[in-house]
Every structure is written in structure tokens, then in C-alpha cells.
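Subject: Structure handover

Hello,

Here is the structure for you to look over.

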Amino acid sequence: MSAYHARRLPVHKGPAAWSAILPGQPAPVVLEDNITTDVAVVGAGFAGLSAARRLLQLDPSLKVAVLDAGRVAEGAAGRNSGFMIDLPHDLASDDYAGSGDDRTVTALNRQAIAFALSAAEEYAIPRDFADPVGKVNGAASAAGHAHNESYARHLSTLGEASEMLDAKAMEELTGSAYYLSGLYTPGTVMLQPAGYIRGLAEGLKAKALIHENSPVTGIARIGNDWHVSTMHGSVTAPKVIMANNGQLESFGFARGRLMHIFLYASMTPVLPDDAVKGADRWGVTPSDPMGTTMRKISGVQGGSRIVTRTAASFKPGMVACDAALKRARSIHDQKFGNRFPDLRGIDMEFTWAGHLCLSRNSVSVTGELEEGLYAACCQNGLGTARGTLTGMGAAEVALGHESDITRALRAEPDPTRLPPRPFSEIGANIYLRWKEWRAGAE
């Protein structure tokens, strides 16, 4: 008998701001019974809900149950910046260019985006929550502009469109005179991540069981079935998909191979209509991957607000510390003030940490772990697009469906091992601080 017990449950620091700025949710349905299904999915984020939808697309007769440790959209899915990016976006590179087959990566990302947009249409998710408007890589220095030029050349070799924006165009877009230039790419979908995930979950409830506040404490194979235990109930199913990203390691899988990184973000309170000139909405990723992401939202997305995301820490224990959150808040205040000096000193309404899971060789953990047990994990910091993709892939593998997605995921090697602790933790955090310093004004 195979048995795996959770060594830790998810811990989140700071509020899930994207969910907090939306109207309240219906009361959660907690799993308090012992039920039997065809497939149990662990995790109700981008990967888990996408897996559930793909399962039901392939076989509408399936009985599917999705279990989440917390509320929908209040875990990692509600703590990212909402950029669903189609193009290569390698966070370990200098300019986002990938190290593998970027054409294949782009094609797969676009399958995930098409899947998300079709879900938004099917479930009547507001366009404001999944808006295909593109994004900009902002450059604030000569070095940043050089990164953008390098990335634009790389995109040109792939036959991908991009447009260089000058300082005036960047100010007209963002209302900030901070940027020297920007590189616009049209294929990104800008999400209100909590709004999209809530809508996806609500749409699926017509066909699937979704149980919140039901953390999985263990899974065990008994006979031909898997027994999934929660705090107050259980699910028995012949197939289980683990869609819990870095928390997969809590159950003993890929141990010593996953890098647990926290990125930090702050969000302003609702701003007066005339506080920031420029467009009502925009998204700017930094030309240097370790720089500062900025995003402005408006209207039903949660009011006119600006999000600042920067600073990172490596935490193998999967919990961000209060000191790191305090440090990040100070950095956010500085970065925000540099870009919007007229608003310098504004008191941010929310600051939070988001848990990312990466591998050293930028591969996922997707596919069959053992008979009837599958994973859709390790999104390498690209949880919206790659989470959707790995969820789709795990569902297809579980049902024996062959596709470009399953072939690509099957071809990936295993994640490479990390150096032993404490060397990995010390070394990684020193490296992250150096990368932050090198990113400078970006």
C-alpha cells in the first residue's frame, strides 16, 4: 500500500488582495462526508480547476471532486500579478528569452490562453477579468533598454511581433515619466486573477464538486483506489491529480528538487480618478526579470489601483517570514514613489507574499507519479499560463488522451537536484539579493 502524508499545510502571509477587492463569495462547501468519485483533484487554483474542466471536456460523464485547503482565489491563484503571457518568459534569464524550444513553448502557452478565454466565454466571466490586451516590458535605464532590444531581436527570429515605445509613449500609457522605453507585445491576457478563478470555479460547480477549506492531510492507495483524507471527510477515487504546485513536496514527491520562492506585492487603496494620468489599465513587467512589475487596474476589477511587485526570497520551509514581508513593503514604497512622485508616501492597503515553485532546469512535474496518481505542478513562476497548461496536460494523461501538450510534457526531464541545505538556502538568497541589486532602477 502506498501512503503519503502532508508534512505541512499551506501558510499564506498577507491578504489575498485580488479577492479582497471583489464582492464576497458564497459560503464554502466543506467536505464533511466520505464520498466516491471518478477523479479527485487536489488544489483549486489555475492547474486544479483547469484539470477539472479538461477532464469534463474529454468525458462529461465523469464525477470529479476538487479539494482546496482554503477558499477559492485566496491561495496562490489570488496572489499573482495576473499576467497570462504567451511568449517565452524565463525568469532565470537576463531578458526572458528561453533556453529551449521557444516556438514550442509559445504554441503551448497559446493553447492554455485559448483554453482560459474559452472558459471565460462559457462561464460568462466578465471580459474585465480576462482581457487580451497585451503587456509592456518597461525599461528605466540604458541597460534595461538594451535588454528590451535584445528580447525584441529574439522575438523577431521567432517571427513574433513587438513594438518599441519611447519615453513619451510610456508616459502616455502609464502616467509616469519614469520609463525611458518599453517593448509592447500583444499576446498577453491580463487577468483579475481572483475574478477569473472565482468565475471558473462557479462555472464548474454545475458539473463538479468543489470543496473549500478542506485541506488534504494524506493520500493512500487501497486496492484499486486512492483514499484522499481531509480534516473532516475523504474521497475515494481510482485517479487523483495533485495540482498543488510546490506543496507537492509536502507529500514527499520531488523532494530536494523544487525551489520555493516567494515574490511580494503591494496594492494601493482606490485612487481618485485624476491621481494618475495615462490609460485606465496597463501592465508593465520589468525589462530585467528581477526588476519591478507595475500594474494599474480600474472599474469592476477592484477600483482604480496600482500594484507594485518586486523582491524575492527562497524559503524551503514554504512559509514567508514577517521580516521578509516588512522588507518588501519598504522596497515597494520606494519603487512606487520613484514612479509616481506625486503619490509618494501613500499608505498601501495590502501587502502580501505569493508562493512560486521553480526547478533549476525550468521543467514542470506533470504526468503520472505512480499508478492512478498524477501531478500538475512546478509552474516555474508562470502560474497562470503554465498552471493552466499543466492542469490540462495532467487531465489528458489521466484519461489516456494524446496531444501536443502531453507529448511536450512527457519529453521534459525530471527536475534536477538542489544543493543540500543550508547551502541551497543561503546561496539562493544571496543570489536573489545580487540579482535585485543588479536590476537597479528596473
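Partly exposed means a relative accessible area between the two cut-offs: buried is under 20%, exposed is over 50%. Cys321 has a relative accessible area of 29%, so this residue is partly exposed. Please keep in mind that the model is predicted.

Cysteines

For Cys321, the closest cysteine sulfur is in Cys357, 19 Å away, so a bond is ruled out by distance. Cys378 also has its closest cysteine sulfur in Cys357. The separation there is 3.8 Å, again too far for a bond. Cys378 is buried, with a relative accessible area of 1%.

Helices H8 and H9

H8 covers residues 385-398, and H9 covers residues 404-411. Their axes come within 9 Å and cross at roughly 95 degrees. H8 and H9 are therefore roughly perpendicular to each other.

From H8, the contact uses Leu389, Met392, Gly393, Glu396 and Val397. From H9, it uses Ile405, Thr406 and Leu409. The residues of this contact divide into five nonpolar, two polar and one charged.

Which residues of H9 are buried? Ile405, Thr406 and Leu409 are. They lie on the same side of H9, because they cover an arc of only 95 degrees around the axis. What covers them includes H8, helix H3 (102-122) and strand S21 (365-370).

Best wishes

Definitions and conventions: Residues are numbered from 1 along each chain as its sequence is written. This is a predicted model: local features need pLDDT of at least 70, side-chain atom pairs count only at pLDDT 80 or more; totals for chains, interfaces and linings use all residues. Side-chain values use heavy atoms; hydrogens and water are left out. A disulfide is a pair of cysteine sulfur atoms within 2.5 Å. Buried means under 20% relative accessible area, exposed over 50%, partly exposed in between (1.4 Å probe, protein chains only). Axes are lines fitted to C-alpha atoms, for helices over the stretch in contact, and angles run from 0 to 180 degrees between N-to-C directions. Helices (H or I, at least four residues) and strands (E, at least two) are DSSP runs, numbered from the N terminus. Angles under 35 degrees count as roughly parallel, over 145 as roughly antiparallel, 65 to 115 as roughly perpendicular and the rest as oblique. Contact means heavy atoms within 4.5 Å. Ala, Val, Leu, Ile, Met, Phe, Trp, Tyr, Cys and Pro count as nonpolar, Asp, Glu, Lys and Arg as charged, and the others, Gly among them, as polar. The arc is that of the directions from the helix axis to the C-beta atoms.
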